[in-house]
Amino acid sequence: MEQDDAKSSKLHQPPPPSPVIVGMAVNGNNKKSRHIVRWAFDKFSSDENVIFKLIHVRPPVTAIPNPMGGFVDITQVHQDVAITYKQGIEKQTNEMLSPYKIFLLQNKVQFKLEVIESDDVVTAVAAQVATDSITNLVIGATSTSMFSRLLSSRNLSAKISEYTPSYCTVYAISKGKLVMVRSSECDPASKMAKDKDTGSETSSNHSSSSISASLRADSAWTGNSSYHPPSPAMRTPKSHTKLSVSDTYSSELKEVYSGSNTPTNSYTGFKSLKAISQTWSDPHSSSDVAKENLSDNQVHMNLELERLRMELRQVQGMYLVAQTEALDASRKINDLNKNRWDQAIMLQEIKDEEMKAEQEAREERMKYESVVREVEAVRERAAKEAEQKIEAERKAKHNAKQKEKLQSTLAQPIQQYQRFTWEEIVVATSSFAENLIIGKGANGTVYKCTVHHTTAAAKVLHSNEARMAKQFQKELEVLSKIRHPHLLLLLGACPERGCIIYEYMDNGNLDERLNCKSDKPPIPWYDRFRIAWEVASTLAFLHNAKPKPIVHRDLKPENILLDHNLVSKIGDVGLSTMIQNDVSFAATMYKNTGLVGTLCYIDPEYQRTGVISTQSDVYAYGMVLLQLLTAKSAMALAHVVENAIRDGKLMDVLDARAGKWPMAETTDLALLALSCVELHRRDRPDLRDQILPKLEILKEAADSMRDAAIALQSGPPSHFICPILQEVMMEPCVAADGYTYDRNAIEKWLEKKENSPMTNLPMPSKNLIPNYTLLSAIMEWKSGSS
């Protein structure tokens, strides 16, 4: 019995209330939009069953920017380029709206996101409100003063309120405060009920009151005198007592609501409505309208006064806070002055003690000047020590040359790549463990693996389709036949399963390091000069390959890898192609190919004609140089750098994280990069004859500046330090124990003790021999440091 009662009580429970949808029209990641989202959350988050809806309207994509800052119609570019650009726009929109989504997620509220492509913001927002039955809409206001609102009645916020359905309450927010409200006339449910009942009502005695209510809705938006009623789908007039009156009113209403949405048509329609109202309403209804208008104006004035009072209280609170901060600052200033006076007294005491110590040192030196003549006994030892040093330096140079020969021998071409079985690759990658993935691309996945006790990188293709298999074979062919110190080294492959084994690069690719991803430090400017030279030398090597030159076709920061010493190596040569020499064009290398590569790095002439040449790689290299200097996106980057150089503001666009750029060398590198990205191939410099010589000069200048900076930071060599003073020796002398000391220090030591400071054995004599070789080295180091 109790179960039956429980079931009957569940059946008679009221249905859950329909959700209240709160719309928030955001324009982007700016202060106004953040105020809108914050105010809407504070206002409605405490209500039950609330769903927030972010509404963002953006213009449709009809044109694509070109590398020189202009725009090209989307119908005139390749379909892949258009799709890539649209994906970039969608990514930017998601990143722009992500702060609002994160805010709502952190506060654990329900929300939805609606991104609309339309040139008419007002129509798009109004249509979205009608589609989703949004009962509350929060928008931004352009001004907070009443006078400005009266003058700017045709601004965007007023237009949105004007075309929003009447059942929706519109809130206008400025600087986080509510400045205007357009109250709703009814909710969506009652609006739908009225629409159903309109067809069944044939007569009524409220014709004049309906027309007056429609006229009063014209001023429902606070501070906006030009509000137009919504469309017939949102508001249906009531029936009237006489059939002729109802027909006349319906025809006039259709003229207003079925016409265009321009202010002129709406105003003309309302003049006709007012004429009907004056014809069919009695004097009493006219007086009621006037009273209601006065009451509405009084309410709006009260709202404005209350807002002004709140602002006054806020300003008073800010004034009290400022007074408190001023008193705290005054107390801190007094404390700092007191500390400064105490430190000045201490500094004077230190100076007095320093003068006293200097006086004692001069007296001690005068006492021991007679010992200068006792240097003959150890002169031979000093000369022997100098000979031993020269011999050690000669051996070090010999070993360095042997090491260079060994490295050059290892860099020479070797036999074809080693073949691995699929079982070996599975073992090396721990069955393709997820934690060993170091990169994913459109064609395959790269795993960190261990082969023959060596850390390597294994690239595994996603599928064996013809296009990917062709790129795989091309990359395997190029890397197995050529070797270069700055070309990614091929260790082996499994051709049957589409897997290539490369050497492992600890620092990832150049794009990650320029953008400081994974909390890695930025690349210093002098290393960027070196990387620019390394990439150029590798491209020159590919362009001069025999029997046919090789064009990379996809050079970009993502395909330039860095090892643990930030040495660069070019990878991903799967899109490279071999081209032929055209004798009729003065040995210009060319080949007709399909359009491949990455947007912003593709040669404009190759993009237009489909003809590839070595100058196409020069264009991509110029874009890489600009990104090395600025660490910015490649989109319209050449135009930005060109304007900065012309305005004398190049330092403003450089990557400040790279350190203090040398102005002259950096300007030369930027001009060289701009010459590489010229639109016409004939205007670009030659890689081997023009670009590489300039980069050699810039690299040597950067290396010398780097060495000087390292010498200043590293400090003096250990053999320049006196064992007694632990400072650089001013006058090095060799004592009887065979060690070198500063003359003043060893003389003071021998005055009080007879044992050696280093061996603690008795000194054979107190004779000191000047170490002129070491003194010369110290002087040379000091001059270099200065």
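Biologist: A salt bridge is a side-chain nitrogen of Lys or Arg within 4 Å of a carboxyl oxygen of Asp or Glu. How many salt bridges does the structure hold?

Modeller: Bear in mind that this is a predicted model: local features need pLDDT of at least 70, side-chain atom pairs count only at pLDDT 80 or more, and totals for chains, interfaces and linings use all residues. Residues are numbered from 1 along each chain as its sequence is written, and side-chain values use heavy atoms, leaving out hydrogens and water. Side chains of opposite charge can pair when their charged atoms come close. For this structure, the number of salt bridges is 26.

Biologist: Let's pick one. How far apart are N and O where the side chains of Arg528 and Asp655 meet?

Modeller: These two side chains form a salt bridge. The pair links distant parts of the chain, with Arg528 in helix α16 and Asp655 in the loop between α20 (650–653) and α21, 127 residues apart. (Helices are DSSP runs of H or I, at least four residues, and strands are runs of E, at least two, both numbered from the N terminus.) From N to O, the pair is at 2.9 Å.

Biologist: Are Arg528 and Asp655 buried or exposed?

Modeller: Buried is under 20% relative accessible area, exposed is over 50%, and partly exposed is in between, using a 1.4 Å probe and protein chains only. By that rule, Arg528 and Asp655 get one and the same label. Both are buried.

Biologist: Now for Arg419 and Glu496. How many residues apart in sequence are the parts that this pair ties together?

Modeller: Their side chains meet in a salt bridge at 3.7 Å, N to O. Arg419 lies in strand β9 (residues 418–419) and Glu496 in the loop between β13 (490–494) and β14 (499–503). Arg419 and Glu496 are both exposed. So the pair ties together parts whose separation in sequence, in residues, is 77.

Biologist: What is the relative accessible area of Lys517?

Modeller: Lys517 forms a salt bridge with Asp511, with the closest N and O atoms 3.7 Å apart. Asp511 counts as buried because its relative accessibility is 14%. Lys517, though, is partly exposed because its relative accessible area is 42%.

Biologist: On to helix packing. At roughly what angle do the axes of α16 and α18 cross?

Modeller: Two packed helices are described by the angle between their axes and the distance between the axes. The axes of α16 (residues 525–543) and α18 (residues 614–630) come within 11 Å. These helices are therefore roughly antiparallel to each other, a label for angles over 145 degrees. Their axes cross at roughly 170°.

Biologist: Which residues of α18 make the contact?

Modeller: Contact means heavy atoms within 4.5 Å. On the α16 side, the residues include Arg528, Ile531, Trp533 and Leu539. The residues of this contact divide into nine nonpolar, two polar and two charged. From α18 come Thr614, Asp617, Tyr621, Leu625 and Leu628.

Biologist: One last stop. What is the relative accessible area of Leu566?

Modeller: Leu566 has a positive phi of about 65° although it is not a glycine. Leu566 is found in the loop between β16 (560–562) and β17 (568–570). Leu566 is buried, because its relative accessible area is 12%.

Biologist: And what is the relative accessibility of Ala636?

Modeller: Ala636 isn't a glycine either, yet has a positive phi of about 55°. Its place is in the loop between α18 and α19 (637–646). Ala636 counts as buried, because its relative accessibility is 19%.

Conventions:
Axes are lines fitted to C-alpha atoms, for helices over the stretch in contact, and angles run from 0 to 180 degrees between N-to-C directions. Angles under 35 degrees count as roughly parallel, over 145 as roughly antiparallel, 65 to 115 as roughly perpendicular and the rest as oblique. Ala, Val, Leu, Ile, Met, Phe, Trp, Tyr, Cys and Pro count as nonpolar, Asp, Glu, Lys and Arg as charged, and the others, Gly among them, as polar.
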